[in-house]
Every structure is written in structure tokens, then in C-alpha cells.
Amino acid sequence: MGWYHKRLAKSIWVFHVSASPCNNCDIEILDLLTPRYDVERFGIKLVGSIRHADVLLVSGIFNQKVGPRVQQIYAQAPKPCFVVGIGTCPASGCCFKDSYNISKNIKDIIPIDLYIPGCPPKPENMIEGIVKLVEVLNGKE
Amino acid sequence: MRPEYLFYLLVFPGLLFTGMLGLVVGWVDRKVSARFQFRVGPPFLQNFNDFFKLLGKETIITKEAVASLFISAPFIAFAMIVLVSAMIGTAMFFGSSFGGDILVVMYLLMLYSVMIILGGASTGNVYASMGAGREIKLLIADELAFILVCLVAVVKSGYTLKLHEIISFQNDNGAFIGSASGIIAFVVGILCIQAKMTLPPFHIPEAETELVEGPLMEYSGPPLAFWKLSHLMMWVTFPFLLILLFWGGFTLSGLGILWAILKYLLIVVVMIIIKNTNPRVRIDTALNFFWKYAAPLALIALILAVLGA
């Protein structure tokens, strides 16, 4: 994967996309940025603008209203850009999977590279997931 | 043009030296700020990784943007900072003139702010335009006090505008910081620098929580990398300017090297402490502060300097 991906792996700037979540995962993401877990040790930084982002943290269930918006946000992000699905909702739909208004095929909306399941996942789980993404970027399987 | 000017500009006090030192001092800033918040903080090479990562990202130009201005603004601003650091560094380390005096330094530092305004306003983004507008107001606020502070050093060194003559005057007659007017101007100078670098409490144009980085919001890839690099290089340029004007420059022999590093780190740490202990002020509070308190104080220092104190 080369020299550039090693730099990318050490400087991941994350952008938080709330795709109609129940807010539980978002609170856990904010926990991740507090002094107790301090992900700045790994060079991870929360940015406010999509143009600065390397990784999109998507949380929540994609319904027909929010789906196009998420697609638009992904199109606005500069590539190379990775998408991490936080929580059970992007992975399987959780308890909302039989609702009338959800998008059936999330993969058509946004290509998710990594799923971190859990309802909500613990901050330790998310750090483990990011470490796996970093390992893939560094060329290890 | 003499051939060593190219070396001054591109290698030693200029681009390479200031860029490297800026990236390292950026790490000091982040690490000390992290310790303030009881965190561990980023690793040593973090800013290098950030810079090289941004160089490889895609550059997006929005449909509403004025593309030529949008792309050229960060590079012109970067060139300004390289030129200023070469001028200040040549006077500090070699004791010779690079061809510019203190007026050129003041103009170039102001042009850097103008480039931020042009770059932010050319993106076509509402938040970026608001950030650019606030940058104009901040420039109006801090510019008068900054010019008065620079004039104090000019008056005290016997009305010379040349940077290396200000240093040699201090080497003969003692640093200006030892006198009443010098210490007042030095303190006001640190506050002006805080505003010029848009650090907290004066990060009104960038205001992460309301304007999401303000003028830099639409920038991505290499232009953003150069904005970040020029901002980090200001961590070198401005403290060097203050040391040059009031603290007698550097003597690079024996214990002088240690003393030089201590002087520089002291100013940087004071700036980081101000940055971490103050919340953002409103734009009217900043204008009040600079026009009602800082500028009159600098004027008093200037009058004292003229009277010889």
C-alpha cells in the first residue's frame, strides 16, 4: 500500500455523519474524543468540515429522506476517503429493519469499508475497529 | 541579485528551516495543550504526517468558487511567510540585510491576512465568507497596536528601519526589554501576535464550533496543506520578530545557543498558556480590547520611547 498510506494511517481526520441515529452511538463517539480515551494519540482528529475529512463515521439507519443526503455528503468528501459504519444500524438495520421507510440496499448509497457493530459499541470497540482500518492501510491483512 | 540570497530564501532562515521548525513547534503546541487537558497528546511526527497526507488528497473546487483566486491565495500567502521569515532570519543569524526593512515585514504580514480574506471570500461558501468578514474586523482591530509596537523598537534604536541595525544597536546598548517602554511594548506585542495568528482567545474568524474553520472550510488537499503549513510557520516568524525587536536577537556561540532556545520557547509557551486558558471573545470585545486598552498602552510606550525611557 506504500508510503502514502502509512502517512494516511497516522493522520486520520474523522467527520461525523448522523444518518438519523437514535443518538446513542453519537454519544459514544463523543466519549471517544474525551481525555479518557484521547484518540489524538493516534493522530485522529474530529473535523467540522467534510472537505478536511479522511474517514466518515456514519451512525444510524438510512431511510428514504436521509439516504440522498448521505450520498451527497460522500460525493463532497475528497478522495481517498473511507467510511466506517458505527453501530448495528448500518450493519444490519437493528430493530428498524422491517420498517416501511428504510432504504433496503445501503451498499448502493454509500460504500461502507468497516462495520463496528454494537448497540451502541463501546469506545474500546471503536478504537479496535480503527486499528483494523489502520492495519489494512499499512498493508497487513 | 546575489546567489546566497537564494540559499537564504530556500534553505536556512527561509523555507526549509522555518517549515521544519514550524512543524516541530506545532507539535509542542498540541502536546502542551493536551497536557493542559490531562490528555497524552499526539506523537512527535504528527504534523509531518498531517502535511504529507493532505498533499496526497483530492483538491475540490466548488462550482461557485473563483477558481484562480481560490487556488492562488494559499500559495501567495505561503510565499509571504517564507519571505518574511527569510528577512527576519537573515537579520537574526547573519546580521545582514535581505533587502527589506521593518516596513516591508509589516506590509507582508498584513498581506497574509488579506490573502486569507480573499481565499475565504472566493469559495462561495456562506460560512467561509462570514469568516473572511470577521478576519477583516480582526485586522482592523489589531493592526494599529501592532504598528505602534513595531515603531517603539524603531524609535528606541535611533530611528533606523533596518532589521539588522536594530539588533546591533541592542547588542551595543542592551536589550530594549530592560526599559519601561520596551517591556510594555513587548507585552502588547504578544497579545497582537495572538490576534494576528488567530489563536484563542482571538480565533474569531476560524471559530471551529460556529463557523467550522471559517475561511479554510472549503479547502481540501494541497491548498489546505499549505494554509496549515503557513500557519505553523507563523509560530516561528512572530516570536522571532519579537525577539529581534525587543530581546536583542540571538548570539550563536557557547551558552548563547541555549539562551536563544530558552528565549524562543518562553515566548511560545506563554502564547500556548494564553491560548489554553482563555475562551473565544466576541468581535466587539476584541475591537474594544485593542482600541481602548492595547493601542493606548502601545502609544504610551511609544511616547516613553521618544522621551528616552
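## Helix 5 of chain B

In helix 5 of chain B, the buried residues are B:Ile102, B:Val105, B:Leu109, B:Tyr112, B:Ser113, B:Met115, B:Ile116, B:Ile117, B:Gly119, B:Gly120 and B:Ala121, where buried describes a residue with 20 or more other C-beta atoms within 10 Å of its own, exposed one with 12 or fewer, and partly exposed one in between, the C-beta atoms being placed from the backbone. Helices (H or I, at least four residues) and strands (E, at least two) are DSSP runs, numbered from the N terminus. This is a predicted model, in which local features need pLDDT of at least 70 and side-chain atom pairs count only at pLDDT 80 or more, while totals for chains, interfaces and linings use all residues. Residues are numbered from 1 along each chain as its sequence is written, and chains are lettered from A and ligands numbered from 1 in the order in which they are written.

The buried residues of helix 5 of chain B pack against helix 4 (67-93), helix 6 (126-156), helix 7 (163-173), helix 8 (180-196) and helix 10 of chain B. Helix 5 of chain B covers residues 102-121, and its 20 residues should span 28 Å at 1.5 Å a residue, which agrees with the 29 Å between its end C-alpha atoms; the expected span is 1.5 Å times one less than the number of residues.

## Nonpolar cores

A nonpolar core is a set of buried Ala, Val, Leu, Ile, Met, Phe, Trp, Tyr and Cys residues joined through C-beta atoms within 7 Å. The largest such core has 95 residues, and those with the most contacts inside it are B:Ile88, B:Ala145, B:Val149, B:Val152, B:Leu242, B:Leu244 and B:Ala298. Helix 10 of chain B (residues 222-246) gives the most to this core, with 18 residues. Apart from this core lies another, of 30 residues, among them A:Val58, A:Val66, A:Ala77 and A:Ile86. In soluble globular proteins, nonpolar side chains tend to be buried together.

If neighbours within four places in sequence are left aside, B:Ile88 is in contact with B:Val105, B:Leu163, B:Thr237, B:Phe240, B:Leu241 and B:Leu244, contact meaning that the C-beta atoms of two residues, placed from the backbone, lie within 7 Å.

## The sheet of chain A

Chain A holds an open sheet of five strands in the order 2-1-3-4-5, with parallel pairing; two strands pair if DSSP finds at least two bridges between them. Strand 2 (45-46) and strand 5 (114-116) of chain A stand at the edges with a single partner strand each, so one side of each is left without a neighbour in the sheet.

Strand 3 of chain A (residues 55-59) is largely enclosed by the rest of the structure, because five of its five residues are buried. In a regular strand the side chains alternate between the two faces of the sheet. In strand 3 of chain A both faces are covered, with A:Val55, A:Leu57 and A:Ser59 buried on one side and A:Leu56 and A:Val58 buried on the other.

Strand 1 (residues 13-18) and strand 3 of chain A run parallel and are joined by five bridges, with A:Val14 having A:Val55 as its bridge partner and A:Phe15 standing opposite A:Leu56. Five bridges also join strand 3 to strand 4 (residues 82-86) of chain A, again in parallel, and in strand 4 the bridge partner of A:Leu56 is A:Val83. From strand 3 the chain crosses through helix 3 of chain A (residues 66-76) to strand 4, and this β-α-β crossover is right-handed; that is, with the strands pointing away from the viewer, the path from the first strand over the helix to the second runs clockwise.

## Where the chains meet

Between the two chains, 16 residues of chain A are in contact with 25 residues of chain B. The side of chain A that touches chain B has four nonpolar, five polar and seven charged residues, where Ala, Val, Leu, Ile, Met, Phe, Trp, Tyr, Cys and Pro count as nonpolar, Asp, Glu, Lys and Arg as charged, and the others, Gly among them, as polar.

In helix 1 of chain A (residues 2-10), A:Arg7, A:Leu8, A:Ala9 and A:Lys10 are buried, and the buried residues of this helix pack against helix 6 (123-137) of chain A together with helix 3 (46-55) of chain B.

## Loop details

The peptide bond from A:Cys119 to A:Pro120 is cis, with omega near -5°, and A:Pro120 is found in the loop between strand 5 and helix 6 of chain A.
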